Structure formats: C-alpha cells, structure tokens
Amino acid sequence: MQPKVIFSTLGLIILAVLAYAFWPGSSSSTLEKVLTVKVRKGEFVIKVSATGELKAKRSEKIRGPQGMRSARIYQTTISDMVSEGTLVKKGDYVATLDKTELDTKMKEAMTEIEKIETQLEAAKIDTAIELRGLRDELINLNFSRKEKELEAEQSKYEAPMVIQKAKIELERSDRDFKQLQSKYSLSQEKAQATISEILASLRQNQNKLETLSKLSADFMINAPKDGMVIYARNWNGKVGPGSQISTWDPIVAELPDLSDMVSKTFVNEVDISRVKKGQEVQIKVDAFPKESYSGQVIKVANIGEQLRNYDSKVFEVTVQLLEVDSILRPAMTTANEIITDVYKEVLALPIEALQTDSLSYVFKSDGRQVVKQEIVAGLSNDDEIMVDYGLSESDEVLLTKPANADELPIVRIDEKSKKEVHQKQEAERKARAAITQERMKAVKDEDLPDDSGGGGGFIIFN
C-alpha cells in the first residue's frame with residue numbers, strides 16, 4: 001500500500017472518532033455513566049483537622065537574675081547562649097547577659113563610695129580641729145576661773161564694793177566655763193551625727209556595690225537541672241542571642257519534660273462545637289511523616305480569640321499525647337485529626353451527590369432511568385454524608401446534575417416514615433451526648449503550661 005493511501009485512511013479514522021465524540025447525545029450519556037457512585041455501607045468517621053505545635057506539659061524555666069529590678073535594671077540583652085536542643089547537666093553554662101548597664105552602675109557606686117570616704121576623712125579632720133580648739137578654750141577658761149576664785153578669796157578683806165565685784169567676776173567666769181562645756185558636748189554630738197550620716201551613706205553604697213557584684217555573677221546563667229535547652233518565646237517571637245529580656249518576663253529558656261507532651265492547636269469557630277474533652281486524636285508529626293501517635297483532647301477553651309492573619313475567631317484545644325517517643329521535640333508541627341464521632345455500619349455517599357432545595361434528594365439511577373429520590377440525610381464529614389433513610393446499599397446515584405433534571409420524577413418519603421427517622425436521629429443524638437458527657441468527666445482538669453508566644457500565626461485549618 002502506498003504512503004498516500006495509508007495517510008488518507010488514518011485521517012478518515014481520526015475524523016470518525018472526533019465526530020463520534022462530539023456528536024449530540026453521545027457525550028452526555030457517556031459522562032453520566034462515568035459520574036456515578038454506589039451508596040457505601042460501613043464505618044463513618046467524623047473528624048476535625050487542625051495543625052498544632054508540640055509542647056512539654058511541664059518544664060523548668062531558666063530565668064534571668066531575680067535582682068535586676070532592685071538594681072533598677074529593667075531590661076538587658078542576651079549576648080551569648082548555647083544552641084537550642086543542647087543537652088545540659090545541672091550547673092552547666094546556658095547563657096550570658098549583657099553587663100554594660102550593670103558595669104556602669106557598679107562604676108557609679110564605686111565612684112560614690114570614694115567620694116563618701118573622702119567626705120568622711122574631711123569630716124573627721126574638721127571635727128578633730130574644732131573639738132581641739134574647744135578643749136583649749138576650756139583649759140584656758142578653767143585657769144581664768146581659778147584666778148577669779150583667788151581674787152575673790154583675797155578680796156574678803158577689802159571694801160564691800162570690791163568684794164562684790166570679785167564675786168561677779170567669779171560668777172561670770174563660772175558661767176562662761178559651763179557654756180563652753182555645753183558647746184563642747186553639743187559639738188561632739190553634732191560631729192558624731194555628721195559622721196554617722198556619712199557612714200550610713202557609705203554602708204548603703206557599699207551594700208549596693210556588693211549587691212551589684214553578686215548580680216554580676218548571676219548574669220552568667222547556668223542550668224538549674226539536667227535537660228534539653230529549648231528557647232523561650234515571647235510576644236516578639238523566639239528568645240535567643242541578641243534578644244532582650246525584662247524584669248517582667250525574665251525567662252531565657254526552658255528545660256522541658258519530654259516524657260509528657262501535648263499538642264497545642266486552634267480550631268475555628270465553625271467546628272469547635274463538635275470538639276469535646278476525652279475525644280480521640282490521631283497525631284502525625286511533620287518532621288516524621290511515617291510516624292503516627294494516639295492522643296486525647298484534655299482541654300477546650302471556652303472563649304475564642306483572634307489570631308493574626310485569620311479573619312475568624314479560633315478556640316485553643318490541647319491534645320495529650322498518649323505515647324512517648326524520644327524523637328519528639330517541643331515546637332515540632334503536628335497534624336491533628338480529632339475524632340468527634342464514629343458510626344458503625346451506616347450508609348454514606350459523597351457530599352457532591354446530595355441536592356437540596358425545599359427537600360434533600362439525590363439523582364438515583366437503576367440503569368434504565370434516573371429519578372429524584374428524596375432522602376433523610378444525617379451527619380457529614382469533609383467528604384461524605386450519612387444517609388439515614390431513602391436509599392439502600394449499592395444503590396447507584398449521580399454525582400452531577402443531569403441535563404433533564406427538571407423533567408425527572410420525584411420519589412418522596414412518606415411523612416410517617418420521615419417523622420420516625422427524625423425521632424430516631426434525635427434519640428441517637430441524645431444517647432451520644434450522654435456518652436460524651438461521661439467521657440468528658442473522666443478527663444481531669446489540669447493546669448497546663450502557659451504559652452508566652454503571643455499566639456503567633458502557626459495554625460492551619462482544614
């Protein structure tokens with residue numbers, strides 16, 4: 001066969017295929033056959049998915065110096081710190097804080113001490129000079145007083161006027177001597193008070209310098225016990241070298257208890273009503289995708305909060321890990337699937353197959369015709385919805401709306417059957433609610449670690 005004939009034959013075959021594919025009526029029937037599914041019977045799991053972060057349930061805080069506030073140092077910088085994840089023993093080095101402000105205060109205290117010591121020496125010299133002068137005056141006045149006594153003794157043989165004058169001079173001398181004695185005593189007391197005041201100021205500054213010296217030693221931070229160093233978090237993010245700590249939030253790092261861990265997650269306000277304490281959780285860690293862990297919800301926040309980068313409010317949910325694994329570390333990201341309900345041996349179909357207007361129905365096919373079959377739908381998960389009445393196992397339903405949907409007949413459920421199904425649904429709901437309450441009571445309330453991270457935007461909702 002010649003090449004021209006071969007190419008002509010192939011062209012005719014291609015045209016025939018295209019004509020069949022696009023011929024009116026042929027594609028719609030083929031599409032409808034493809035987009036159908038059978039009603040499934042089996043286990044139906046309802047779950048809420050959210051991303052979380054691993055945290056140690058309990059940890060030892062590594063804090064900065066406790067005396068910073070009394071030293072009027074309200075903020076300092078971490079100048080050096082061991083790498084996060086470092087294993088340390090009790091007393092091992094962890095971090096060093098910047099001493100610039102502390103050294104300045106120590107220098108100021110030493111300068112003040114030197115100044116006060118100089119004042120003390122000057123006060124002692126001035127006091128010694130002043131008191132020595134007063135003592136000399138007292139000696140001189142005492143000699144003068146004795147002279148007046150002799151003069152008064154000798155004047156008793158003189159005229160009365162002379163005797164009277166001698167007595168007056170003696171009394172004046174006695175008075176001057178007593179006044180000078182009183183002045184000397186007051187000067188001593190004044191000097192003692194002045195020196196005591198200077199000494200008190202000296203002791204105050206010496207104590208201040210001693211406190212600063214002890215505080216200086218505390219600027220090198222050591223581990224309070226054995227453990228793995230995990231950097232702390234604050235509103236500005238993770239604390240590390242170059243970060244600042246304050247007297248109000250002096251935590252530098254933590255030594256977590258890796259044998260007891262939780263996953264802190266946030267659930268959006270749409271799903272939170274389904275999440276209860278005691279529910280099982282399947283946990284996967286992003287760092288180890290092949291590993292899976294079991295968990296349990298132990299705390300659900302009553303009040304929502306607005307996290308950055310999210311429009312809707314979210315509620316904090318804490319999940320307890322029920323397994324211990326040495327590879328797990330705080331701050332690892334987890335994928336949490338909270339199992340809110342499990343139904344055994346129920347009918348289910350894809351959510352896409354359900355149609356709703358004034359009633360709930362599906363497009364049911366028996367292979368020959370398609371009808372609108374009314375159903376009583378139950379709960380749903382992300383992919384499927386339960387069928388509580390109206391369909392049987394292996395019934396075939398369409399996933400897409402057929403072209404002649406408006407012309408199809410409707411197969412309705414009688415009101416009596418529908419009412420009975422609704423009553424059964426309500427009874428089932430109450431029974432499961434009672435079980436949930438008992439499960440919640442079995443979970444003890446615990447004081448969980450506070451997150452100082454400020455609610456950063458690491459949570460992803462599914």
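User: Before we start, what counts as a pocket here?

Analyst: A pocket is an open set of grid points with protein on both sides within 12 Å along at least five of seven lines. Please note that this is a predicted model.

User: What volume does the largest pocket have?

Analyst: The volume of the largest pocket is about 820 Å³. Its lining consists of 29 residues, and those closest to the centre are Asp341, Tyr343, Leu379, Arg429 and Arg432.

User: Which element gives the most to that lining?

Analyst: That is α5, with eleven residues. At least two lining residues each come from β18 (333-350), β22 (376-380), β23 (384-389) and α5 (415-441).

User: And how many of the lining residues are nonpolar, polar or charged?

Analyst: Twelve are nonpolar, eight are polar and nine are charged.

User: Changing topic: how many residues does the largest nonpolar core have?

Analyst: This core has 36 residues, and Ile78, Met81, Leu102, Leu215, Val229 and Val252 have the most contacts inside it. At least two core residues each are supplied by β4 (75-81), β6 (93-97), α3 (100-154), α4 (160-218) and β13 (251-256). The largest share, seven residues, belongs to α3.

User: What is valine 252 in contact with, leaving aside neighbours within four places in sequence?

Analyst: Valine 252 is in contact with several residues, including Ile62, Ile78, Met81, Ala95, Ile221, Val239 and Ile245. Its contacts also include Arg63, Gly64, Tyr231 and Ala232.

User: Which residues does the second, separate core include?

Analyst: Val48, Val267, Tyr293 and Val317 are among the 20 residues of that second core.

How values were computed. Residues numbered from 1 in each chain as written. Predicted model: local features only at pLDDT ≥ 70, side-chain atom pairs only at ≥ 80, totals over all residues. Heavy atoms only, no water. 1 Å grid on protein atoms, 1.4 Å probe; cavity = no way out; pocket = protein on both sides within 12 Å on 5 of 7 lines; lining within 4 Å. Points joined across faces, edges and corners; volume = space filled by probe spheres on them. Helix = DSSP H or I, 4+ residues; strand = E, 2+ residues; numbered from the N terminus. Nonpolar A, V, L, I, M, F, W, Y, C, P; charged D, E, K, R; others polar. Core = buried A, V, L, I, M, F, W, Y, C linked by side-chain atoms within 4.5 Å. Buried < 20%, exposed > 50% of the residue type's maximum accessible area, 1.4 Å probe, protein only. Contact = heavy atoms within 4.5 Å.
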